[in-house]
Amino acid sequence: MAATIKDVARLAGVSQSSVSRALATPDQVRADTRARVERAVAQLGYEPNRIARGLSTGRTGTIGFLVPDIANPLFAGIVKAAQRRARDFGLAVLLADSDEDPATETDLIRTLTKQVDGFVLCAPRAGDDELRSVCGDLPVVLLNRRVGQLPSIIFDNADGIRQALAHLAALGHRRVAYVAGPRTSWVNRERLRAVRTGAAGLDLEVVEAGNVSPDFEGGVAVADLVLAAAVTSVIAYNDMIGLGLVSRFGARGVTVPGDVSIIGFDDIPASALVSPALTTVSQPKDQCGRAGIDLLADLLNDRERPGSSRASLPTRLIVRASTGPAPRP
């Protein structure tokens with residue numbers, strides 16, 4: 001039979017209430033008592049009843065993790081890392097997918113509020129005021145999004161775009177298209193702003209195309225418009241759009257990178273497996289997922305490490321076969 005809290009208390013030589021406190025609020029228990037409880041828990045293989053523990057502490061032991069589209073490999077990678085890290089804290093992750101819809105996103109947050117201790121919102125699409133309002137008093141961490149002073153962890157989109165533009169300029173390209181992602185995406189707005197600023201400094205002419213859905217089909221749909229713009233290079237909002245562009249260009253008899261060079265964003269696994277392999281801006285997905293859980297755990301325990309609440313993670317250009325010298329006139 002499974003060990004009970006009574007068994008742990010008997011083996012540790014303490015009261016059941018001391019066991020409960022040692023497991024729920026270890027900082028409020030003497031070190032020697034906590035050590036005896038931990039040894040007894042390990043020896044017996046005791047696992048606390050999450051529901052009962054929640055009733056006594058007001059905590060569920062569960063956090064909400066919202067993503068715009070779990071089918072997007074970028075978000076899948078972040079979620080896997082976050083789940084692994086959450087287990088280290090004894091937290092369960094309740095995953096929800098908003099299907100790129102801001103209204104669905106806010107409805108999900110409202111629905112889950114009473115079931116979780118806090119939220120990690122990955123690239124949320126809702127407006128700033130809506131997010132502040134709907135999250136209420138629960139601890140919230142944003143990934144890939146900034147909203148005022150809310151705790152957040154982002155990727156350095158501006159530097160990633162700078163690296164991509166500098167690479168194209170060095171290859172002799174002077175006319176580049178930026179294929180924009182969803183209008184509701186904060187990241188898309190940041191990347192577009194960086195493209196406009198960076199291109200001006202490199203004497204590059206920019207053609208803006210989109211907004212398109214952030215998937216393979218979005219890239220296919222916009223490819224003909226990009227070709228009509230007579231550019232020699234493209235920066236796509238993400239790798240999925242970039243892969244759609246490569247596919248449609250091939251169907252049109254346009255060679256990559258002979259006729260047009262393409263750069264994606266995210267460095268998803270598929271970007272290295274296609275032919276030509278996609279040049280892309282890599283983002284540390286695992287680090288982002290882990291850092292988001294670390295930050296939320298600090299908030300749940302009323303701790304905040306200096307400088308941790310607004311972190312920016314570095315990006316890195318991965319040069320592959322989809323970029324090459326600009327074609328001769």
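**Close-up 1. Side chain of Asn 238 and the backbone of Met 240.** In this predicted model, the side chain of Asn 238 reaches the backbone nitrogen of Met 240 at 3.3 Å. Asn 238 sits in the loop that runs between strand S8 (233–236) and helix H11 (239–251).

Close-up 2. The relative accessible area of Asn 238 is 2%, and because the cut-off for buried is under 20%, Asn 238 counts as buried. When neighbours within four places in sequence are left aside, the residues in contact with Asn 238 are Asn 72, Pro 214, Gly 264, Phe 265 and Asp 266.

**Close-up 3. The open sheet of six strands.** The strands are arranged in the order S2-S1-S3-S4-S5-S11, and their pairing is parallel. Strand S2 (92–97) and strand S11 (310–313) form the edges, each pairing on one side only. From one strand to the next, the twist averages 15 degrees.

**Close-up 4. Pairing of strands S1 and S2.** Strand S1 (residues 62–67) runs parallel to S2 and is joined to S2 by six bridges. Among the residues involved is Phe 65, whose bridge partner in S2 is Leu 95.

**Close-up 5. Helix H5 on the sheet.** Helix H5 (residues 73–88) packs on the sheet and touches S1, S2, strand S3 (119–122), strand S4 (140–143) and strand S5 (152–155). The direction of helix H5 makes about 170 degrees with that of S1.

Note on methods: Residues are numbered from 1 along each chain as its sequence is written. This is a predicted model: local features need pLDDT of at least 70, side-chain atom pairs count only at pLDDT 80 or more; totals for chains, interfaces and linings use all residues. Side-chain values use heavy atoms; hydrogens and water are left out. Helices (H or I, at least four residues) and strands (E, at least two) are DSSP runs, numbered from the N terminus. Buried means under 20% relative accessible area, exposed over 50%, partly exposed in between (1.4 Å probe, protein chains only). A polar contact is a pair of N or O atoms within 3.5 Å; within protein, one must be able to donate a hydrogen and the other to accept it, and residues adjacent in sequence count only if both atoms are side-chain atoms. Contact means heavy atoms within 4.5 Å. Two strands pair if DSSP finds at least two bridges between them. Axes are lines fitted to C-alpha atoms, for helices over the stretch in contact, and angles run from 0 to 180 degrees between N-to-C directions.
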